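This report looks at charged pairs, a pocket and a surface patch in the structure shown below.

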Amino acid sequence: MHARNQRDVLAGFLFIIAGASFAYLSAGYELGTAVEMGPGYFPFCLGLLLAALGIAVLATALSTPNDGDRVERIDLRIVASIVGSVVLFGVFLEPLGLVVSIFALVVAVSLGNHELDLKRALLTSVVLSVACVATFVYALRVQIPVWPYFLSP
Amino acid sequence: MDLISNLALGFSNSLTLENILYAFVGCTFGTLIGVLPGIGALATIAMLLPVTFGLPPISGLIMLAGIYYGAQYGGSISAILVNLPGETSSVVTTIDGHQMARRGQAGPALAAAALASFFAGTVATLVIATFAAPLASIAFEFGPAENFSLMVVGLIGAVVLASGPLLKAVAMIVLGLLLGLVGTDINTGVARFDMRIPELAEGLDVVALAMGLFAIPEIIVNLEKREVRESIRVRLRNLWPSGTQLRRMVPSVLRGTTLGSLLGILPGGAASVASFASYTLEKQTSRYREEFGKGAIEGVAGPEAANNAAAQTTFIPLLTLGLPSNAVMALMMGAMIVHNIQPSPLVMTKEPALFWGLITSMWVGNLILVILNLPLVGVWVQLLKVQYKYLSPAILVFCCIGAYTVGTTSFDIYQTAVFGVMGYVLLKLGCEPAPLLLGFVLGPMMEESFRRALLISRGNYVTFVDSPISLALLAIAAVLALTVALPAIKRVRKTAFSEE
């Protein structure tokens, strides 16, 4: 396929799939009537609308001359390191506490960023841990575990 | 006069030591993240929203609002000194502001920005105070059909004035609406789209969504680009502009304030649109237009006045009609809902202390900013030297902590990650995230109005065009949508958004 408005074509497909999925799921709940709307009514209409918009976007993208709107390069490593770091934080937070999670996050981010070597990452983690504990735990009294569950009093 | 007594009520609330402190915190944070590129007001408000849960509603809103207009101040600082706009609304300030800095005029440029912003903020506060009551009283005439149409206009308007390709933006709104419907339906008690995950019964988390859509993709993109930042060693002597400069500023400030106040009220009105419009206006009308691009003080004063005025008047639709006009307002609306304040025209009458307190605190905040920022500029400059590679993990950590504190569950952190991926994909596909957030926040309310309207009309869809107000609103929405298609408007929008 030509690289015609690649972004818009993909976006169109995305909307069609999303709209259709929502409409399909909505049909699983009672639709009801206009007067007595069931839980599925409004989302069903919206899902159809979204799919229709997706078709429109797709149609316009395929018919207009090439704008050169390609999808830009995706560096999967960076995406994975950032998203992964957040997930890791979420996994570690409750069992292992804030400090460990911060370290995990920063190290994970450094894996995707060649400017941040391990030494600097660890240093940053220390600074961040101190700052966060001071601000969130002491100053703002946020309920968040700081140390691993087997270490805290 | 009513206005005076309302303002008095407001000040009695906003001038308590506590609320001044919260305004101070909000403004300082706001300036801080405004100065730092790579993190914006929206993500910060999302991060600090959970922190406000324990505070009285007015204090929470004061702080969050402070972040928003504080960021406008901060953005101009980095725009002038480092040629990097800290906020999108400061993009225009980089043009002449940085040139002024290069010519040794950094001090007057910063002062011009600060003074212009303060003036604009004062005027905007008065505008809000004057127009709030009449607007709210009009809204009282609205029934569910009119409310629905109003929200339609608000959403379409937001998209027309503020985003790129219209079709995709509308699709984003609809997607947002759908996501907003995830969770338990109040009317029927049925849990929708919850994929049998119990945590989803209460719906998706607005904080996670905001951070995932805005903060995370921004970080990823910044790391992808690996920009090199040029910084200027600027010596800040002569902070004060000369007499001639002050005189030249005055008309620009007046024009900018008017433009900003008006644009802020419109749906989709945001500080960035206002500042760009002001720059264009100044270029057309100023006597010194040849200087533009080389360091004309009007090119700083006008846009700065405009963006600050807009940042405040943009609260009007939210506080008087319950309609958020841009993504930041959508988040503020989320904050209000969390504090059990249903945004609607009734807020003015039911919670006058909150309403007027918030409005007057915006003026207090502006005062704090002007007093603080000029002396503290040196501190902010130091901050700019922190390299992004240290900043990005810090931002992520704050996002994660913020997400966690909403429900004290890691599930919200996972939500943020998922939305981060979604936000990144959407960014790569050229879809604007702001309409999605708007739709998300309005989704449940739109369904409610829709449902009630049809209930009253016994299933007859004509009700939406039957009432004159509703018909007028829908017509406005249609006209707005159509004007986008006009070639002239298309050109203007194209240049406006390519500058970003």
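B:E448 counts as partly exposed, since its relative accessibility is 24%. In this predicted model, the side chain of B:E448 meets that of B:R452 in a salt bridge, at 3.4 Å from N to O. The two residues are four apart in helix α19 of chain B, and so are separated by about one helical turn, while B:R452 is partly exposed as well, at 46% relative accessibility.

Eight salt bridges are found over all chains. In one of them B:R451 pairs with B:D185, with the closest N and O atoms 3.5 Å apart; because B:R451 lies in helix α19 of chain B and B:D185 in the loop between β1 and β2, the pair ties together parts that are 266 residues apart in sequence. Both B:R451 and B:D185 are buried, and they belong to a network of salt bridges that also links B:R192 and B:E447.

A further salt bridge joins B:E282 and B:R255, whose closest N and O atoms are 2.9 Å apart. B:E282 is buried, with a relative accessible area of 0%, whereas B:R255 is partly exposed at 27%.

## The second largest pocket

The second largest pocket holds about 1,100 Å³ of space, and among its 36 lining residues the closest to the centre are B:E202, B:G203, B:L204, B:I337 and B:P444. Helix α19 of chain B gives the most to this lining, with seven residues; the lining as a whole divides into 17 nonpolar, ten polar and nine charged residues.

## A nonpolar surface patch

On the surface, A:W147, A:Y149, A:F150 and A:L151 form a nonpolar patch with about 550 Å² of accessible area together. A:L151 lies in the segment after α4 of chain A and is exposed, with a relative accessible area of 59%.

Terms used. Residues numbered from 1 in each chain as written. Chains lettered and ligands numbered in written order. Predicted model: local features only at pLDDT ≥ 70, side-chain atom pairs only at ≥ 80, totals over all residues. Heavy atoms only, no water. Patch = residues over 30% accessible without salt bridge, like charges linked within 9 Å, V, L, I, M, F, W, Y side chains within 5 Å. Areas by Shrake-Rupley, 256 points an atom, 1.4 Å probe, with all protein chains shown as cover. Salt bridge = Lys/Arg side-chain N within 4 Å of Asp/Glu carboxyl O. Buried < 20%, exposed > 50% of the residue type's maximum accessible area, 1.4 Å probe, protein only. 1 Å grid on protein atoms, 1.4 Å probe; cavity = no way out; pocket = protein on both sides within 12 Å on 5 of 7 lines; lining within 4 Å. Points joined across faces, edges and corners; volume = space filled by probe spheres on them. Nonpolar A, V, L, I, M, F, W, Y, C, P; charged D, E, K, R; others polar.
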